[in-house]
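Keep the structure open and look up each residue as we come to it.

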Amino acid sequence: MTALLTLTVLVLVAIAIWQMTKIFELSQLKTESSSEVATDSDNKYNGYLLFAFLIFIYGITIFSFAKYTKVLLPEAASEHGGEYDQLMWVSFAIIFFVQTITQALLHYFGYKYRGEKGKKALFFADNDRLEFIWTIIPVIVLAGLILWGLYTWTNIMDVNDEDDPLIVELYAQQFNWTARYGGEDNVLGDASVRLIDINRANVLGLDESDPNASDDIIVKELHLPVGRKVNFMMRSQDVLHSAYMPHFRAQMNCVPGMITQFSFTPTITTEEIRLNPDVVDKVKRTNKIRAKKAAAGEPNSDPWEFDYVLLCNKICGKSHYNMQMKIIVETEEEYNKWIAEQTTFKETVMSGDTMEQEPNTVDVVVEEALKTETEVAVEDNPME
Ligand SMILES: [Cu+2]
């Protein structure tokens with residue numbers, strides 16, 4: 001399958017190059033018909049403008065590096081994240097290197113060989129060796145990148161049950177997330193949107209007759225033990241959403257009517273990532289803005305503390321921007337303590353008692369499910 005895909009990509013690249021050569025040839029036919037001939041000074045002036053433009057693009061590149069590097073994500077907090085970042089940075093470096101060199105050559109030669117009276121350009125209709133070189137180099141580089149990309153993709157997307165993964169469901173709906181753990185048996189009970197019963201707090205539509213469902217734990221805050229593989233099973237209640245966990249370099253669409261999957265192993269706890277220099281810097285900058293807002297009496301001005309976050313990355317409606325859930329990566333002991341404090345589906349729904357729950361469990365889920373869109377829309381948005 002991968003070989004076929006690679007072959008298709010190579011064929012398409014070859015066709016694209018061939019088509020571009022044809023366009024280039026066609027564009028050569030009508031150069032002599034123009035009656036407006038540029039003078040030497042026109043050409044010189046345009047040559048200088050080329051240099052000015054070159055300085056402009058280099059300038060804006062340096063400016064962007066200096067000003068915007070800080071908005072990049074901090075180091076990847078998942079096992080596969082490093083590989084993913086490496087692929088991205090190598091692609092960036094190649095593009096940047098080629099772009100910098102070719103732009104300089106392009107503009108310099110544009111100036112050097114500008115039109116001058118009495119000067120005739122040396123030209124040749126084609127040169128097989130030259131064409132071969134400028135075709136084969138990009139083909140090798142692109143094929144290398146694509147093959148590496150496919151290899152990385154296959155590795156990242158391989159969701160399997162090896163190494164005893166923690167099974168977690170991420171349930172998307174306009175406009176919030178709910179997470180469900182498999183409980184003691186680490187197996188999620190069957191569920192269907194047809195079984196949703198808000199009045200009985202069965203907000204995820206779990207099948208009460210499925211024995212696997214009784215110990216499932218439904219929460220509004222995702223806790224993950226560091227170093228343990230997590231297999232996410234994603235569902236959507238209404239429209240297309242996308243579970244995006246940028247700090248773990250993870251994203252997967254949530255599609256109504258089907259279960260999609262993604263798997264990763266978190267490697268840095270929340271406590272640890274808060275000490276990362278990039279994160280410390282971002283928190284400092286954000287809180288500076290918030291302090292200014294607080295002084296002006298504006299909302300959203302409480303000091304902010306960094307947390308991993310699950311976001312929706314498909315524009316799914318008007319409160320899409322605020323569709324998020326906090327993720328806490330902690331040690332195994334902390335995770336075990338937390339999960340032991342949560343109530344199971346059986347204890348809440350099956351017993352028919354939904355009143356005496358811990359906050360952050362089912363009553364919060366129900367509350368959120370009943371919230372109107374407008375209420376959600378005016379909520380605070382902790383992201384800057
Ligand atoms: Cu969404």
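Let's begin with Arg 249, which sits in the loop between strand S6 (241-245) and strand S7 (250-254). Strands here are DSSP runs of type E with at least two residues, helices are runs of H or I with at least four, and both are numbered from the N terminus. Before going on, know that this is a predicted model: local features need pLDDT of at least 70, side-chain atom pairs count only at pLDDT 80 or more, and totals for chains, interfaces and linings use all residues. Residues are numbered from 1 along each chain as its sequence is written, and side-chain values use heavy atoms, with hydrogens and water left out.

Back to Arg 249: its phi is positive, about 50°, although Arg 249 is not a glycine. Is Arg 249 buried or exposed? Its relative accessibility is 10%, so Arg 249 counts as buried. (Buried means under 20% relative accessible area, exposed means over 50%, and partly exposed is in between, using a 1.4 Å probe and protein chains only.)

Asp 163 is another residue other than glycine with a positive phi, near 65°. You'll find Asp 163 in the loop between H4 and S1, and at 67% relative accessibility it counts as exposed.

There's also a cis peptide bond to look at, joining Gln 174 and Phe 175, with omega about 0°. Phe 175 has its place in the loop between S1 and S2.

## Patches on the surface

A patch is built from residues with over 30% relative accessible area and no salt bridge; like charges are joined within 9 Å, and nonpolar side chains (Val, Leu, Ile, Met, Phe, Trp, Tyr) within 5 Å. Lys and Arg count as positive, Asp and Glu as negative, while His and the chain ends are not counted. The place of a charge is taken as NZ of Lys, CZ of Arg, CG of Asp or CD of Glu. Accessible areas come from the Shrake-Rupley method with a 1.4 Å probe, and for residues only the protein chains shown count as cover.

The positive patch consists of Lys 67, Lys 70, Lys 284, Lys 288 and Lys 292. Which helix gives the most to the positive patch? That's helix H6 (residues 277-295), with three residues. Lys 284 is found in H6 and is exposed, with a relative accessible area of 59%.

Asp 158 lies in the loop between helix H4 (128-156) and strand S1 (166-173), and it counts as partly exposed at 43% relative accessibility.

There's a nonpolar patch too, of about 700 Å², made by Phe 97, Val 98, Ile 101, Leu 105, Tyr 108, Phe 109 and Tyr 113. Leu 105 is in helix H3 (residues 81-112) and is partly exposed, at 43% relative accessible area.

## Salt bridges

How many salt bridges does the structure hold? There are 13, where a salt bridge is a side-chain nitrogen of Lys or Arg within 4 Å of a carboxyl oxygen of Asp or Glu. Here are some of them:

| Pair | N to O distance |
|---|---|
| Glu 116 and Lys 119 | 3.1 Å |
| Glu 169 and Arg 180 | 3.0 Å |
| Arg 274 and Glu 271 | 3.7 Å |

Glu 169 in strand S1 and Arg 180 in strand S2 link distant parts of the chain, 11 residues apart. Both Glu 169 and Arg 180 are buried. Glu 116, on the other hand, is partly exposed at 34%, and Lys 119 is partly exposed at 44%.

Arg 274 and Glu 271 belong to a salt-bridge network with Glu 221, Glu 305, Asp 307 and Lys 326.

## Aromatic rings

A search of the whole structure finds 16 aromatic pairs. Rings of Phe, Tyr and Trp (its six-membered ring) pair if their centres lie within 6.5 Å; planes under 30 degrees apart count as stacked, over 60 as edge-to-face and the rest as tilted.

Tyr 181 and Tyr 335 make a tilted pair, 6.2 Å centre to centre with 45° between the planes. This pair links distant parts of the chain: Tyr 181 is in strand S2 (residues 176-181) and Tyr 335 in helix H7 (residues 332-341), 154 residues apart. Both Tyr 181 and Tyr 335 are buried.

Why is the pair of Phe 306 and Tyr 308 edge-to-face? Their ring centres are 5.8 Å apart and their planes are at 80°, so the pair is edge-to-face.
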